[in-house]
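Here are my notes for your first read-through of this model. Keep the structure open beside you and take the points one at a time.

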Amino acid sequence: MGTTASQLPKDSLSEYQELTFLTKQEILLAHRRFTELLGRDERNHPNPRVPMQVILTLPELKSNPFKTRICQVFSTSEDKDGSLTFEDFLDLLSAFSDSATLEIKSHYAFRIFDFDDDGTLDHSDLEKLVNCLTGETEDTRLTSEEMRQLINNILDESDIDKDGTVNLSEFQHVISRSPDFVSSFKIVL
Amino acid sequence: MPGDTLITSENDTDIELDFAGDEDFQENHEREKHKGKRRNGDRQKNERENQRRKRPSKLVQGIREESQSKTERRERSRRRRRRAEHETSIHEGNERERDQTRAKSTKSKKNIKNEKTRKLEGKEDGEAQERSGKGKLKLVCAKNEEKIESGDQLKEKEKALGVKKKKKKRRKKVVETSSEPETSEEGDDEEEVNNDGEVRPELLSPEELEKLKDAVDEKKKLIQSLRGKPWPMKQKLVTLRESQLFVEKYEGALGKGKGRKLYAYKVMMTKKWMKFQRDFENFKTACIPWEMKIKEIESHFGSSVASYFIFLRWMYGINMILFGLTFGLVMVPEALMGRPYGSIPRKTVPRAEEAGAMDFAVLWDFGGYAQYSVLFYGYYNNQRAIGWFKFRMPLSYFLVGVGTVAYSYMVVIRTMARNANESGIGDDNSFNFSWKMFTSWDYLIGNPETADNKFASITTSFKEAILEEQESRKDDNIHLTRFLRVLANFLVLCCLAGSGYLIYFVVRRSQKFALDGLENHTWWERNEVNMVMSLLGMFCPMLFDVISTLENYHPRVALQWQLGRIFALFLGNLYTFIIALMDAINLKRKEEKVVKYNITMWEASLYNGTGSENSTAPPITIHPADVPRGPCWETMVGQEFVRLIISDTMTTYITLLIGDFLRAVLVRFLNHCWCWDLEAGFPSYSEFDVSGNVLGLIFNQGMIWMGAFYAPCLPALNLLRLHVSMYLQCWAVMCCNVPQERVFKASGSNNFYMAMLLVILFLSTLPAIYTIVTIPPSFDCGPFSGKNRMFDVIQETLESDFPAWFSKVFSYASNPGLVLPFILLMVLAIYYLQSTSKSYKEANVELKKKLQMQNEENKKKNKQAALKAQMDLEEARKSASQTAEHQRNNNASVQRREDDEEIDNKNQRMYHGRNPSLSAGDREPQFSARGPGPRNGHNGNHGNPRYLPGFRQQSEPRMCRVPSLERH
């Protein structure tokens, strides 16, 4: 794979360094991993897209309950299939990198949690979020009563303007006070 | 104006848009209502006008008025904006293109959803307006409005920067906009710029130059902050290239003549410097050792296990420095420039030990040749200066000893302060549930098993939190719990006391053995102390773990108790060891006195014997190995510590191999032929014990700090140990441990470990300092031999190596009359700083309280407002349905209350254009048929933007400000 490093032009490498929180090595590693995901015939394509199913086979994402959401949020594809180009992939890694700011992390976290893409976290979003967090199996699921209680508590705490939903600013307000959000909102290749 | 305004106000825009969306919804809502009512058309306009003056005072009126004034306001500002826009469009030229670019940038800059709604709105607007015949200008307005709204926010932010700058920025943005989409427009752009008369440097006035400079700086700032923007890469790339182009283009234009050259040079240098910095950063991250290993572990086991390895690496770094200091400034100079081995008694193995000095068993115990080498204190000579450049060996030895401790203190405290800074705010509990929800997932987890554990732990934490919330947990059998807890603590205390006594007993016994002579005893008896300490350190935590199940604490609390107990155990053991060592030192010193006396006797006899025979003969040379010597307690202490470290390391590794590896192998392969499931049942695989390992590491470090003064080889040994640990534990964790059942997150306890390290550092320097200060050094070994106290070396250096005035000054400075006030001053300063920090903390708490109060008040207000709005709406709906049911006259009277002509006109046109067949009667029931459930939610939505303090009210003056700026 020695040639893959040289596939990334120097200009764009420095531009990517400028535009992401990644270091040169990380970008090169990301590029290598990305090209590994591509099929043989796709490598010559100027701006190849990797479908979501393939992205999700990455071990770093495989057991993440938000994996499809992450792909959808970072995808720039027109038909919303969650497929990623290399630049999208870099965006993803940058937002999840060690040195990314709280602001950008919380912004993307909000969009990941906003399952229906309507700009606020409403009741159904929160419910889906809880279900993601408690896993697939039946025995870890919360009962509907518990769920209701939980969501009410969350809205009580973080819905400052009392409109029944959590919007971005409220979300960031909550997140910015959390001691360990930045350290856990990380994905490294 | 895409470009900066929207870029910098990105976040605000999103927020604002929620409200904007609500407003628009509301507006539509109103509009629809109007449609229903305004079937009578223009005919009634005049009538309405008249009626408005004598409006009946109804409750309905309130809400109407609200919306009225709002639409009025909106319309006003829109008009103004349109005017402004007109101006700018003249100023710029091609309007359509502008429209295009704006649409484009709008698309890219907001998140998808907002964009969708906006599009929808735009479409709606457009529809209506097309019908009304006004065309696209209004569309532009509608879009522009939002943009200006977001622009407003920026202006709010940058108010301080002054209007001039904004003016400039706008101009710049205009330039940029036109150059954005089509590169073929370059010429156009150029032309335009020339029209403005700004870009050619010769034509620029200094004022404008200043502005341009500002613009360029602005762009540079933008380039730097670009990575912090949540946009897709494509957009970032476009913006970056654009801004770079802009900067490059106009940077050269700045400055004239010499200044220009200098400026260009400066720019070039900053560019180079940036590049260098970036490369250096890359280099630095490439230099961090074990990064990939730790990341691999991180992705398998989550951040808590990885935090141990990061801690280990940090420790390794510190030990590297300590090792560098002792190795470079003490060991190497002595080995290279000091007298060679065998030249003086202290550097020679005594005759009695010579036979077995090279045996492995002896060397393993750090006796024989190892004892008489640079590894230990006793080998060093008290020669004041060694080598050709007069290296002050004793001074260096002393200063390195002090320096290692000082450096460790500095590093630990600095790290603690930094950690505290990072997590200082996260102490309030007001977002308990939200944090559990939004931040509990550890995105690093890449192992399905860990993920399953995490799911389970999150679920239990949710359930616990709900349970705790529901009732403040009334324990039905509180007496039993209390009794069990007391019992558990009693048992733990017994364990601690027992282990302390055991160590004391063993150390005492070993002294007896030592007096008898070690050769007569077995290996076990010789290594009893270390083995007992290591075994205690291994088994007591397990015992504590069993005991703590009695207590039935919350796992987090239980973990803290466990840590505290292990800490107490280790500390107790260490101090018992030190006390026993002190006893040993005293014994040695008694022995030393005897030896000293014997030596003088021996020397006297020697000289007497020779003197009687031949007084002029040169003194007989006795081989240094034959010279009798003192016991040298310092070397003994050093040896003890080194042995302790070695045995500790060995136990750790052996436990690792047996407890983790062998267990894993057995479980794995015996599982096929066993009566129960070994993997799921009793032995199973072991978990990685983060807290225990961290504690072990901390205590190990404490021993290093304690013993490093007497055994300069300790940091080197520790470095080796840490290095091996890193690989061995990484391997063990990856191959034979399973992820923890309860996955804790790392960051919370980071400073806890650091605090423990600090305590240990303090406790371990205490005995070392005590021995240095109070006990006189041995008379015939070590760099300080012959001195009364070890620190006399400083006095000596001052007297002989520095000019006289310096020592005079120093002696004045060390005068108690000066030192005491100085200490007093420091104490006062500490007191002052402490009290100020306390008052800051209090102020912080106060402010937090205030914020909470305000929050609650706002909530109350909002609730009231929402309630009121709901009532109003209810009323309005009632009256509206009345109007729908009754005749049109009624309808008209409601309509009469409606306001401003313009909005009426517009709405009516819209109504006409829309669906004329839809009567009011059809529409109203539809509304009420939606039922009260969803409506309530919407009411909340309606109430908010209007009643939320600081949103609606603020936006009005801002809107007014926009056009005046736009005109420039």
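1. Chain A and chain B bury about 6900 Å² between them, and 60% of that area is on carbon and sulfur atoms. Buried area here is the accessible area, found with a 1.4 Å probe, that two parts lose on being put together, summed over both. On the chain A side, E18(A), L19(A) and L133(A) lose the most area to chain B, together 11% of what that side buries.

2. A word on what you are looking at: this is a predicted model, in which local features need pLDDT of at least 70 and side-chain atom pairs count only at pLDDT 80 or more, while totals for chains, interfaces and linings use all residues. Residues are numbered from 1 along each chain as its sequence is written, chains are lettered from A and ligands numbered from 1 in the order in which they are written, and side-chain values use heavy atoms, with hydrogens and water left out.

3. Now count who touches whom. In the interface, 79 residues of chain A are in contact with 67 residues of chain B; contact means heavy atoms within 4.5 Å. What holds charges together across this boundary? Three salt bridges are found across the interface of chain A and chain B, where a salt bridge is a side-chain nitrogen of Lys or Arg within 4 Å of a carboxyl oxygen of Asp or Glu. R278(B) and E18(A) form a salt bridge, with their closest N and O atoms 3.1 Å apart.

4. The interface of chain A and chain B also has five residue pairs in polar contact, both residues at pLDDT 80 or more. A polar contact is a pair of N or O atoms within 3.5 Å; within protein, one must be able to donate a hydrogen and the other to accept it, and residues adjacent in sequence count only if both atoms are side-chain atoms. Helix α10 (residues 144–158) of chain A gives the largest share of the chain A side that touches chain B, namely eight residues. Helices (H or I, at least four residues) and strands (E, at least two) are DSSP runs, numbered from the N terminus. The chain A side divides into 32 nonpolar, 24 polar and 23 charged residues. Here Ala, Val, Leu, Ile, Met, Phe, Trp, Tyr, Cys and Pro count as nonpolar, Asp, Glu, Lys and Arg as charged, and the others, Gly among them, as polar.

5. Next, look at chain B by itself. Chain B has 35 helices and two strands, and buried residues make up 46% of its 968 residues. Buried means under 20% relative accessible area, exposed over 50%, and partly exposed in between (1.4 Å probe, protein chains only). Of the contacts in chain B with a separation of 6 or more, 79% are accounted for by residues 24 or more positions apart.

6. Find helix α25 (residues 690–707) of chain B. α25(B) has 18 residues and reaches 26 Å from its first C-alpha to its last, close to the 26 Å expected at 1.5 Å a residue; the expected span is 1.5 Å times one less than the number of residues. Because 16 of its 18 residues are buried, α25(B) is largely enclosed by the rest of the structure. D689(B) caps the N-terminal end of α25(B), with a side-chain oxygen 3.2 Å from the backbone nitrogen of G692(B).

7. I645(B) is found in helix α24 (residues 633–670) of chain B and counts as buried at 2% relative accessibility. I645(B) and N700(B) are 55 residues apart in sequence, and their C-alpha atoms are 7.1 Å apart in space. Leaving aside neighbours within four places in sequence, I645(B) is in contact with N700(B), M703(B), I704(B), L714(B) and R721(B).

8. Finally, compare salt bridges within a chain. In chain A, E60(A) and R33(A) meet in a salt bridge (3.1 Å, N to O). E60(A) lies in helix α5 (residues 59–62) and R33(A) in helix α3 (residues 24–37), so the pair ties together parts 27 residues apart in sequence. In chain B, E640(B) and R643(B) form a salt bridge (3.5 Å, N to O); both lie in helix α24, three residues apart, about one turn of the helix. E640(B) and R643(B) are both buried.
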